[in-house]
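Hi,

Here is the structure I said I would pass along. Please open it next to this email, and my notes on it follow below.

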Amino acid sequence: MRTPFDHRRQLAELEYIVTSRAAAQSLAENYVGLPLRHSFAVERWPAGRRGKLRPPKIWASKGHMGRRLALKIMILGANGFIGSALTNAILRTRPWEVYGIDLADNKLQDLPKTDRFHFVEGDITINKEWVEYHVKKCDVVVPLVAIANPPST
Amino acid sequence: MPPASEELIYANDDRGFALLSMRSPTVSRLYLQCTPDEDVEEWSDHRIWDELRTRLHLQVPGGPVLQKSVTPDAEFRGRAPAFGRLFLAGDAAHIVPPTGAKGMNLAIADVQVLAQGLQAFYREDSTEGLDTYSSVCLNRVWKVQRFSWWMTSLLHRFDDEDAV
């Protein structure tokens with residue numbers, strides 16, 4: 001049995017929330033979400049500071065001797081809600097190569113015309129060799145496979 | 001089905017907690033407190049709608065149940081979301097109880113921190129943002145965990161008997 005004590009305590013707290021402005025505000029702040037840390041780090045750090053690792057200069061679209069640095073991105077779940085939007089954004093705004101895999105390609109119909117997108121229709125739990133090969137081959141792997149889309153809208 | 005209410009409804013009922021949240025004009029997500037080892041097969045659509053009406057004291061219109069499952073409320077891993085060069089964000093990194101409804105907020109916050117860490121790494125050659133990704137994210141995750149736990153304690157029945 002729920003003890004009457006616990007029940008009364010819950011009711012007292014609920015009543016407090018709906019009658020106290022401070023309590024309601026606290027609930028609202030937590031519910032909506034605590035503030036994001038704006039511009040974390042980037043503004044705070046001195047420009048050009050070197051860390052322990054030396055990262056590739058991928059922002060330069062032209063590398064040494066005018067060669068284009070084509071970063072290779074592998075996207076698992078490229079046809080998903082986030083995967084398809086990311087694929088689209090990369091192909092439109094970056095000179096990178098994208099290697100994508102997903103069960104279908106219905107959300108990838110509006111991609112820009114480019115030979116930088118390499119898509120395989122497959123299942124990561126089956127096409128393991130393809131995945132392993134491209135993990136080695138690519139500079140960045142973005143795993144976006146999930147059962148996440150709402151059943152219907 | 002049309003939503004029973006445009007407002008989110010949390011209910012603390014003698015039979016246990018219930019939550020009604022609208023996802024779209026035609027789809028709602030609904031929660032009923034039950035025992036963690038409850039067999040989902042014992043919950044017919046009819047029983048789910050009846051139980052919701054009882055606990056919410058509201059004429060919830062019925063409709064097809066598109067998906068149903070038993071979700072453990074206490075599931076939480078306070079593990080670091082970064083392992084070497086692997087960075088996890090959102091539910092992949094941490095699952096919090098649904099009571100606080102914070103899954104999306106947390107995922108967006110993770111991505112914001114990670115994006116700025118990656119930006120600093122590639123633009124400024126600085127690893128500080130990526131090095132501190134785990135601790136910055138965990139700091140927020142624990143705050144959300146605190147809030148979700150508080151919401152749970154406020155709205156659930158806690159006893160040795162079955163909730164229903």
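Let me start with a question: is B:W43 buried, exposed or partly exposed? B:W43 is partly exposed, because 18 other C-beta atoms lie within 10 Å; a residue is buried with 20 or more other C-beta atoms within 10 Å of its own, exposed with 12 or fewer, and partly exposed in between, with C-beta atoms placed from the backbone.

Before the rest, a word on conventions. This is a predicted model, in which local features need pLDDT of at least 70, side-chain atom pairs count only at pLDDT 80 or more, and totals for chains, interfaces and linings use all residues. Residues are numbered from 1 along each chain as its sequence is written, while chains are lettered from A and ligands numbered from 1 in the order in which they are written.

**Confidence**

The predictor gives the complex an ipTM of 0.71 and a pTM of 0.59. The average pLDDT (the predictor's confidence in each residue, from 0 to 100) is 84 for chain B, where 91% of the residues score at least 70. Chain A averages 78, with 73% of the residues scoring at least 70. Over residues 38-68 of chain A the pLDDT is below 50, and this stretch has 43 contacts in the model beyond near neighbours in sequence; two residues are in contact if their C-beta atoms, placed from the backbone, lie within 7 Å. Where pLDDT is low, the predicted coordinates should not be read in detail.

**Chain B**

Chain B has four helices and five strands, in the sequence pattern β-β-β-α-β-β-α-α-α. Helices (H or I, at least four residues) and strands (E, at least two) are DSSP runs, numbered from the N terminus. Of the 164 residues in chain B, 30% are buried. Among contacts with a separation of 6 or more in this chain, 54% are between residues 24 or more positions apart.

Back to B:W43, which sits in the loop between β3 (28-32) and α1 (45-56) of chain B. Leaving out residues up to four places away in sequence, B:W43 touches B:I48 and B:K68. B:S69 is 26 residues from B:W43 in sequence, and their C-alpha atoms are 9.6 Å apart.

Two other loop residues of chain B are worth a look. B:H57, in the loop between α1 and β4 (82-83) of chain B, has a positive phi of about 55 degrees although it is not a glycine. B:H57 counts as exposed because it has 11 C-beta neighbours inside 10 Å. B:A101 also has a positive phi of about 55 degrees without being a glycine; its place is the loop between β5 (86-87) and α2 of chain B. With 19 C-beta neighbours inside 10 Å, B:A101 counts as partly exposed.

**The cores**

A nonpolar core is a set of buried Ala, Val, Leu, Ile, Met, Phe, Trp, Tyr and Cys residues joined through C-beta atoms within 7 Å. The largest has 29 residues, and B:A18, B:L56, B:V113 and B:Y133 have the most contacts inside it. β2 (16-22), α1, α2 (103-124) and α4 (133-155) of chain B each supply at least two residues of this core, and its largest share, eight residues, comes from α4(B). Another core, of 14 residues, lies apart from it and includes A:I75, A:L76, A:V98 and A:L144.

**The sheet in chain A**

Which order do the four strands of the open sheet in chain A take? They run β3-β2-β1-β4, with parallel pairing; two strands pair if DSSP finds at least two bridges between them. β3 (117-121) and β4 (140-143) of chain A stand at the edges with a single partner strand each, so one side of each has no neighbour in the sheet.

Strand β1 (residues 72-76) of chain A is joined to β4(A) by four bridges, with A:V141 as the bridge partner of A:M74. β1(A) pairs with β2(A) over five bridges, where A:I75 is partnered by A:G100. Six of the six residues of β2(A) are buried: A:E97, A:Y99 and A:I101 point one way, and A:V98, A:G100 and A:D102 the other.

Best wishes
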